Amino acid sequence: MSITVLRPGLLMTVQDMGRHGHQHVGLCPGGAMDPLSLALANALVGNYAGDAALELTVLGPDLQFERETLVALVGAEFEADIPINRPVLVSRGARVSISRAARGARGYLAIAGGVQVEAVLGSRSTYIPGGFGGLDGRVLKRGDVVPLAANATKLSRERFAALKNKDRVGTSVKWHVPAFTVPDREPIVLHAIEGEHFGDFDANMQRVFFDTIWRVGPDSNRMGYRLAGPPLTRSKAEEILSGPTCLGSVQVPANGVPIALMADHQTTGGYPRIAEIASADVPRLAQIAPGGTVHFARTTLDLAGQLRKDARTRMENIMRGIAWEYGK
Amino acid sequence: MAKLAPLGAVPLGDCAVYVEFSKTLDLEVNSAVQRLATMVHGRALPWVRDVVPALGGLAIHFDPDHKSLTTDALSAALNTVSECLKEGLPKAGDVLRTVEVPVCYESEFAPDLAEVAAIAKVSPDEAVALHAGADYRVLMIGFAPGHAYMGGLSPKLSVPRRAAPRAIVPEGSVAIANDQTVIYPYAISGGWSIIGRTPLTVFDAERQEPSMFAAGDRVRFKPISRAEYQKLRTK
């Protein structure tokens with residue numbers, strides 16, 4: 001069972017929840033930029049939250065399905081010839097065309113049974129800089145054949161049949177899940193706590209950091225988002241000792257252009273870290289395309305924890321709703 | 001050495017903490033941090049995702065909502081560190097390995113060797129002897145998977161970073177800058193002076209142990225000929 005890539009779109013890769021436990025040898029966890037949308041997409045087709053799916057970026061692909069397959073596209077509001085944010089049974093030989101994202105930047109196309117590429121270090125995620133994971137460690141291109149579970153069609157039919165009858169219309173359903181990481185308006189607010197080197201910036205620069213509406217630069221990628229705005233200058237001249245970094249760390253290199261570290265970030269860095277974005281807000285940042293805008297709101301560790309708990313509660317409620325539709 | 005005590009704990013967001021012991025490069029602290037990281041890692045705590053030793057401290061990455069946690073993750077991480085320090089760190093000699101790395105210093109692999117030798121006011125052969133004759137220690141791994149920052153470079157070879165970084169440095173390139181030497185695990189951009197190349201694969205995700213180096217390893221370089229390089233490369 002497989003899907004053939006007729007047109008790859010902008011940056012389509014295989015992603016799951018990433019590989020933990022290797023940062024001490026310099027390998028970041030990687031994985032889906034917006035893991036919440038990935039988890040929802042997987043739940044909609046009856047998969048485990050961490051099964052591998054296709055991550056789409058800004059411009060979607062044209063795909064051909066070998067056999068009848070249950071899929072769900074969750075995340076950015078892609079214009080597509082399948083309805084989004086809900087399970088859809090795609091027929092044998094069908095061609096699915098996904099074009100640009102009207103809102104948001106990343107979508108996850110989950111497939112019943114998951115994408116069945118070889119796991120590397122416990123994950124199927126594509127790590128582009130290292131050239132491993134996913135399909136040959138690279139971005140998908142035209143002609144690629146994406147392997148699916150051998151029993152994907154059987155799973156697809158069983159699972160679609162399990163959906164509540166009254167809510168089904170044709171090959172899909174009347175309901176959909178909210179893609180709550182995708183912003184309604186910009187700038188989005190990113191809650192951030194002070195980073196280790198926040199005090200290296202004077203009061204004026206600290207204000208500039210929190211007052212500015214930052215524009216996500218065109219040279220942003222899965223490793224980091226460059227934020228265009230007034231240059232941030234540090235009051236101290238001496239270099240800092242390289243230290244560890246984290247998903248959501250905001251570094252300020254000598255050129256004053258802050259970089260927010262994303263899924264494929266470097267594990268250590270020698271640039272001052274002005275702030276650390278609350279983990280609950282990182283998937284929302286992942287939904288901002290180059291040219292989009294963000295704003296930082298100062299927060300505390302306790303509040304960051306509360307935001308995380310709120311997001312988790314929200315996810316659990318949606319997951320319960322999906323399980324109910326599947327008669328569980 | 002004096003008793004190791006953290007300067008402080010800096011939250012790296014709400015899913016990690018950096019426990020800092022020194023803001024400058026102190027080799028004793030660096031070595032202690034590596035042994036402390038080994039110890040914390042060895043506890044195999046289910047809520048800990050990663051333990052990352054850096055130059056002057058260690059990061060503990062965690063799942064703050066893990067069901068096994070009875071207190072908040074930050075306090076649990078700091079408690080773990082103080083418990084390990086109270087118990088006492090293992091001796092350096094008990095945990096560190098020595099890794100020998102074959103390096104071909106021939107000109108096609110060493111575009112900057114002549115320039116480095118000129119700055120050091122030695123012949124290229126003498127520069128190679130200085131580089132291969134020293135004992136190194138992996139101070140930290142970062143920048144890219146398996147990318148080890150090694151201290152111990154002869155002060156004579158201490159050259160600044162190149163003014164213009166190269167867009168692509170070939171995989172396996174052995175390079176120097178300031179007081180350190182590195183090996184590029186992949187073909188990536190880099191600003192260090194390249195003086196040789198190893199035929200070995202520094203990081204291979206398919207290998208049982210993907211990274212050739214771990215923080216704290218002792219490293220020695222062994223000069224090899226072109227023929228030996230080719231032989232090891234094709235193996």
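Predicted model: local features only at pLDDT ≥ 70, side-chain atom pairs only at ≥ 80, totals over all residues.
At least three residues come from each of domain 1 (2-182) and domain 2 (188-312) of chain A. Leaving aside residues up to four places away in sequence, A:Val294 touches residues including A:Pro187, A:Trp214, A:Leu285 and A:Ile288.

Next come the rings. Over all chains there are 10 aromatic pairs. A:Phe132 and B:Phe203 are stacked, because their ring centres are 6.2 Å apart and their planes stand at 25 degrees, under the 30 degrees that stacking requires. This pair crosses between chains: A:Phe132 is in the loop between strands S9 and S10 of chain A, and B:Phe203 is in the loop between strands S12 and S13 of chain B. Both A:Phe132 and B:Phe203 are buried.

B:Trp47 and B:Phe62 make a tilted pair, with 6.5 Å between centres and 55 degrees between planes. B:Trp47 lies in the loop between helix H1 and strand S3 of chain B, and B:Phe62 in strand S4, so the pair ties together parts 15 residues apart in sequence. B:Trp47 is buried at 7% relative accessible area, and B:Phe62 is buried at 2%.

In chain A, ring pairs join A:Phe198, A:Phe209, A:Phe210, A:Trp214 and A:Phe296 into a cluster. Charges also meet rings: the charged end of A:Lys164 sits over A:Trp324, 4.6 Å from the ring centre, and A:Lys328 lies over the face of A:Tyr326 at 5.7 Å.

Methods. Residues numbered from 1 in each chain as written. Chains lettered and ligands numbered in written order. Heavy atoms only, no water. Domains from an automatic or database assignment. Contact = heavy atoms within 4.5 Å. Phe/Tyr/Trp six-rings, centres within 6.5 Å; stacked < 30°, edge-to-face > 60°. Helix = DSSP H or I, 4+ residues; strand = E, 2+ residues; numbered from the N terminus. Buried < 20%, exposed > 50% of the residue type's maximum accessible area, 1.4 Å probe, protein only. Lys NZ or Arg CZ within 6 Å of the ring centre and 35° of its normal.
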